[in-house]
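User: I would like to go through this model with you, one part at a time. Could we begin with a single residue and work outwards?

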Amino acid sequence: MRVFLLLVAFELSWAQYNPNTKPGRTSIVHLFEWRWADIALECERYLAPNGFGGVQISPPNENLVITNPWRPWWERYQPISYKLCSRSGNENEFKDMVTRCNNVGVYIYVDAVVNHMCGAAAGSGTHSTCGSYFNSETHDFPAVPYSGWDFNDWKCKTGSGEIENYGDPYQVRDCRLVSLLDLALEKDYVRSKVAEYMNHLIDIGVAGFRIDASKHMWPGDMKAFLDKLKNLSTTWFAEGTRPFIFQEVIDLGGEAIKASDYYGNGRVTEFKYGAKLGTVIRKWSGEKMAYLKNWGEGWGFMPSDKAVVFVDNHDNQRGHGAGGSAILTFWDSRQYKMAVGFMLAHPYGFTRVMSSFRWPRYFENGKDINDWVGPPSNGDGSTKSVTINPDTTCGNDWVCEHRWRQIRNMVIFRNVVDGQPFTNWWDNNSNQVAFGRGNKGFIVFNNDDWNMSETLQTGLPAGTYCDVISGQKEGNGCSGIKIQVNGDGTAYFQISNSAEDPFVAIHVDAKL
């Protein structure tokens, strides 16, 4: 009996590592700060037809409205209640989005902010996205309800009540992160309110959760509320399916808290991935792409089946979080496309693509002082809709990297090569590299300052292939470069160091 119970417990927790995406869909996209109505449309018109597995959304719960500075993006990380109303829309719009996205096989992953409520200096009143009353000084949040008994003030041992030393795991988990009121998740009442919120979202039909600030919660407290979660809705998911859990834990090494502390609860964000890949593609510190041959665990990363990977996220593209100036973003579009292309071709981890908005960057002493700027908005602070230009790019200052041809086509590439081994590595001991994915796909990069001209073993069946970076297969032809694979699996690749995109990718579904 005991062995059976242990097996059941293992099955339940292991299920939380499975993204629940439909078969043949292997990546999700973070549509940062998008409105629910726009996400619903994007699922139907673009994400489903192009093989995206799901969408990470911004926090859907009621948050503090901040007008100094004017409606920053981070106001959404200051909860007032678990009611579903935010700048992205109300509960009905949220339900409509989940239903419409699920119906086309694109699932929704909620950014769950459950470590804390708003900042201690937020004051009192109804300046929140649903108009609920709160008082941060007395820790009173009647719309949940939480009271002063439900916070960690008594437990924090620093004079300021803030985290003062990241080398002390007790401070990191029991004290306030940048003055945000820290919830007492050791209390069953608080755990139950968190689980109630997440279960409401599961009932609506979400597929899983990114858990914000996981590093600031005790893994055992997290397990306690995760164990209270229901199985996913049988309207869209098989009976007994557990929600996908991935935890935000920034671990670049050298701190008291490690990503591995959280493996028992689900996957974890691998922040080393974007920081190291950015350093390599920028060729900083003597790094070369040739060194990527053992990319993944060989670079000291967490096990692949525990990792969620990304080139950049909403924090570190603004210089917050982890990775510093090494992080590649849409502002460095040529190198960024190479990095995302490499990520989507390589088998390590579960991949998330970023989709951003522009803001007016202004640097003082090397720091972008506009890193707080919120999403494109109207004069009343409401978020602008995502408009689509005739060339399929986005307007209204939405960047939409997921719609860039090179990134979209590499999302499809990853789907085609799913489950295939990492094969046929080649490099020139510098920054020209190539590798295959079994007999399904092959990718070649030239990140050197000179032209590339090589015949390489692709492992692919003979035939004519369309490069999916410069174009794609259209009807009986290619809109970009054609690559001829010979009977022995070899092909000739010529890539100029000055090409707009100095890489080429081919796969069996792009064969003429």
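**A buried histidine and its surroundings**

Analyst: H346 counts as buried, as its relative accessibility is 4%; buried means under 20% relative accessible area, exposed over 50%, and partly exposed in between, with a 1.4 Å probe and protein chains only. The model is predicted, so local features need pLDDT of at least 70 and side-chain atom pairs count only at pLDDT 80 or more, while totals for chains, interfaces and linings use all residues. Residues are numbered from 1 along each chain as its sequence is written, and side-chain values use heavy atoms, with hydrogens and water left out.

User: Where does H346 lie?

Analyst: H346 is in the loop between α8 and β12 (350–355). Helices (H or I, at least four residues) and strands (E, at least two) are DSSP runs, numbered from the N terminus.

User: Which residues is H346 in contact with, leaving aside its neighbours within four places in sequence?

Analyst: With those neighbours left aside, H346 is in contact with W295, R414, F422, F435 and R437. Contact means heavy atoms within 4.5 Å.

User: Let us turn to sheets. What is the strand order in the open sheet of 4 strands?

Analyst: The order is β15-β16-β17-β24, and the pairing is antiparallel; two strands pair if DSSP finds at least two bridges between them. β15 (422–427) and β24 are the edge strands, each pairing on one side only. On average, neighbouring strands of this sheet are turned by 10° against each other, direction ignored. Axes here are lines fitted to C-alpha atoms, for helices over the stretch in contact, and angles run from 0 to 180 degrees between N-to-C directions.

User: How many bridges join β16 to β17?

Analyst: Strand β16 (residues 432–437) and strand β17 (residues 441–446) run antiparallel and are joined by 6 bridges. Q432 has N446 in β17 as its bridge partner.

User: Which strands does α8 lie across?

Analyst: α8 lies across β16, β17 and β24, and runs at about 150° to β17. Helix α9 (residues 405–417) also lies across β16, β17 and β24, running at about 40° to β24.

User: And β8: what covers its faces?

Analyst: Both faces of strand β8 (residues 208–211) are covered, with G208 and R210 buried on one side and F209 and I211 buried on the other. In a regular strand the side chains alternate between the two faces of the sheet.

User: Which strands pair with β8?

Analyst: Strand β3 (residues 107–112) pairs with β8 in the parallel sense over 4 bridges, and Y109 has G208 as its bridge partner in β8. β8 and β9 also run parallel, joined by 4 bridges; there, the bridge partner of I211 is Q247.

User: Changing topic, how many salt bridges does the structure hold?

Analyst: There are 29 salt bridges in the structure, a salt bridge being a side-chain nitrogen of Lys or Arg within 4 Å of a carboxyl oxygen of Asp or Glu. D111, R210, D212 and E248 are linked in a network of them.

User: How far apart are the closest N and O atoms of D203 and K230?

Analyst: In the salt bridge between D203 and K230, the closest N and O atoms are 2.9 Å apart. D203 lies in helix α5 (residues 188–204) and K230 in the loop between α6 (219–226) and β9 (244–247), so the pair ties together parts that are 27 residues apart in sequence. D203 is partly exposed at 45% relative accessible area, and K230 is partly exposed at 38%.

User: What about E500 and K337: is each one buried or exposed?

Analyst: E500 is exposed, with a relative accessible area of 57%, whereas K337 counts as buried at 8%. E500 forms a salt bridge with K337, the closest N and O atoms lying 3.8 Å apart. This pair links distant parts of the chain, 163 residues apart: E500 is in the loop between β23 (490–495) and β24 (503–507), and K337 is in helix α8 (residues 333–345).

User: Finally, how is the protein chain divided into domains?

Analyst: The division gives domain 1 (1–269 + 357–398) and domain 2 (422–510), with bounds that come from an automatic or database domain assignment. The C-alpha centres of domain 1 and domain 2 are 39 Å apart.
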